[in-house]
Structures are given as structure tokens and as C-alpha cells.
Amino acid sequence: METQGSIPTYELRHENQEVAFAIRSTRDVIAMFGTDTDKPHRHDYYTVIWSHNDGGRHIVDYREYEMNPNDIFFVSPGQVHQVKHTPHADGTVILFTCDFMEQNSISADFVADLNLFSEVADTPPIKIDERSAKVLHVLVSQMKQAFATNDPFKDDMIGAYLKLFLINCNTFAHEPNTDNTQTLQSGKLILKKFKELLEARYSEWKKVGDYADELNLTPDYLNDVVRTTIGKTAKEMIQQRIILEAKRLGLHTDLTSKEIAYRIGFDDPSHFSKFFRNAEGSSFSEFRSALVAELSR
């Protein structure tokens, strides 16, 4: 386990060994760790949580969702999440690293094109129908069988089943609002570059124009492309990323609001206070108190 700030970051392990892929039932997880609420944490790998019944609550980047039958959650590396299982929760958890994907012909572009994983908040579950659930249960069973073998091609088999699993899930994901395939592909490329820039520069660059200049685009065009591709503007994504980091620091460090303001690039703490209130509808101190109380339930 590593730490980033005071938020623990977990590596993928199975039977005390570091691995690149693992698949478990929720009952296995409860048997290993009990039903006590886990702490908010990050993973350095992808996580897929498929709830088979009313399994509890899932908190992803401080947004809470009920875990209902046939809800499937997709958590990207680096996202902060927490699962609060009921004692009788039933489900499937699939875990895999970027290295596992690369080694088994699953490109990063393939995952980016799926509309399933998001790095910044807004990660509600998809809900699949009963017919698709039957197909996914077969793929999960095949992954589990392959995972339990010592076959020299086990990773190749798992990779193929995993890819089919994700493709089937993508049928139920949010689809971008465009019928132009060429425009869609171009938009996804721009979005990918914008996301990379945003993750690297959110504490320095607060305006759409900063990112647009780096991408050799106009601010209006960047906003339009991002909105068409994922349904929100570049400005909204910048605000969400800044707010998300403020929330992470507010909950998992002892920094004051003034120190947090400086940490995320505000020269004047009063500007941060105004920015946060406009975005969230409450002051930062009110948010901090309420969230600490909620997560301690």
C-alpha cells in the first residue's frame, strides 16, 4: 500500500502476491474483510463492481450511489471510493491493471472509447437488463475458471473474456450525442488530450483558454467538442477537477481551507471560497463538516 497525501492507494494483490488481474465475489470480499466499512481509498488499477442484489452503498469521489441489482460500477485508477456492504451483499468484483490490458491486446484507446470509466466524478453505475446479465454471468464464470488454472494461456483467455464483458457493458453506457462517426472519433482524441492536460495542470490553469491554447483550438470549439463527446463543457470539467481535489484535501488532510486554496492554485483564499460556494451551493467548511459526519456513519 502506498499513500498519496493521507489517502491510501492500494496495489492489486491476490493471496498476498502482487498480480495484474483478480476476480472475486462480494461474499469472498466480506469473508476476507468483514462487513465493517472500509476507509476511502484509491487503487492503482481498474475496478468493476457488479451488484447482484441490494448490496449497500458505493461512494465514488464523494458522490453516493445505492447498489441495486444489476448495477455495475466502473472505477478508474486514482479515483477515491468507498464501499459500504450490507451483510448479505452479493456481487462480482473484477480488478485489472493497465499492464494487464497492454499485455493482452486491450489498448488504452479501447478503454477510453468505451464510455464506461471516468477519471473525474460523475461515475454513476450502468444498469443492465436480465438478458444481458445472463451473458455477463457466462463471461464471469469463464474468467473465474481461467483465473483458477495454471494454463500458459490463462491471461490470454481472461483478456478475451474481459474485453467481451466490457463491450457488452458499453451497450448500456452513456452514448455521445452525435451521429457523425468521424466527428465522434476526432472529439474523443481531443477529449483524451484535454483530460491529460487537465490532470497535469488543474492547479495552475483555471480557464478554458489556457487548455485551448495548448491544444491549438479556440475556447468555444474546445467547449463544444467536449460537450458533444461527454455531455458537459470543458469549463465544467475544469471546475469539477478543482472541486474534487479540494474535497479530497479537505477530507483526508489537516490543511486549513486557506492552505488548500493555495495548494490548488488560488492566490487569494477568498476567491477559492467564492468558487466553491458557486459550484457546490455551500461553503467549504460546511461541506467538510457534513461529509466527515456522513462518512463516519
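Let me begin with Glu204 and Arg201, whose side chains form a salt bridge with N and O 3.3 Å apart; by salt bridge I mean a side-chain nitrogen of Lys or Arg within 4 Å of a carboxyl oxygen of Asp or Glu. Glu204 is partly exposed at 48% relative accessibility, and Arg201 is partly exposed at 31%. In these terms, buried is under 20% relative accessible area, exposed is over 50%, and partly exposed lies in between, with a 1.4 Å probe and protein chains only.

A word on the source: this is a predicted model, in which local features need pLDDT of at least 70 and side-chain atom pairs count only at pLDDT 80 or more, while totals for chains, interfaces and linings use all residues. Residues are numbered from 1 along each chain as its sequence is written, and side-chain values use heavy atoms, with hydrogens and water left out.

The salt-bridge count is 11. One of these pairs is Arg241 with Glu199, at 2.9 Å from N to O. Arg241 belongs to helix α9 (residues 234-252) and Glu199 to helix α6 (residues 181-201), so this bridge ties together parts 42 residues apart in sequence. Helices here are DSSP runs of H or I with at least four residues, strands are runs of E with at least two, and both are numbered from the N terminus. Arg241 is buried, with a relative accessible area of 3%, whereas Glu199 is partly exposed at 41%. Through shared partners, salt bridges join Asp61, Glu199, Arg241, Glu245 and Arg248 into one network.

Another pair is Arg27 with Asp90, whose closest N and O atoms are 3.6 Å apart. Arg27 sits in helix α1 (residues 26-33) and Asp90 in the loop between β11 (81-85) and β12 (91-96), so that distant parts of the chain, 63 residues apart, are linked. Arg27 is exposed at 53% relative accessibility; Asp90 is partly exposed at 21%.

I turn now to helix packing. How do helices α4 and α5 pack, at what angle and axis distance? Helix α4 (residues 130-147) packs on α5 (residues 154-170) at about 160°, with axes 9 Å apart. The axes are lines fitted to C-alpha atoms over the stretch in contact, and angles run from 0 to 180 degrees between N-to-C directions. The two helices are therefore roughly antiparallel, a term for angles over 145 degrees.

Contact means heavy atoms within 4.5 Å, and the residues making it include Leu136, Leu139 and Met143 of α4 and Ile158, Leu162 and Phe165 of α5.

Definitions and conventions. Parallel < 35°, antiparallel > 145°, perpendicular 65-115°, else oblique.
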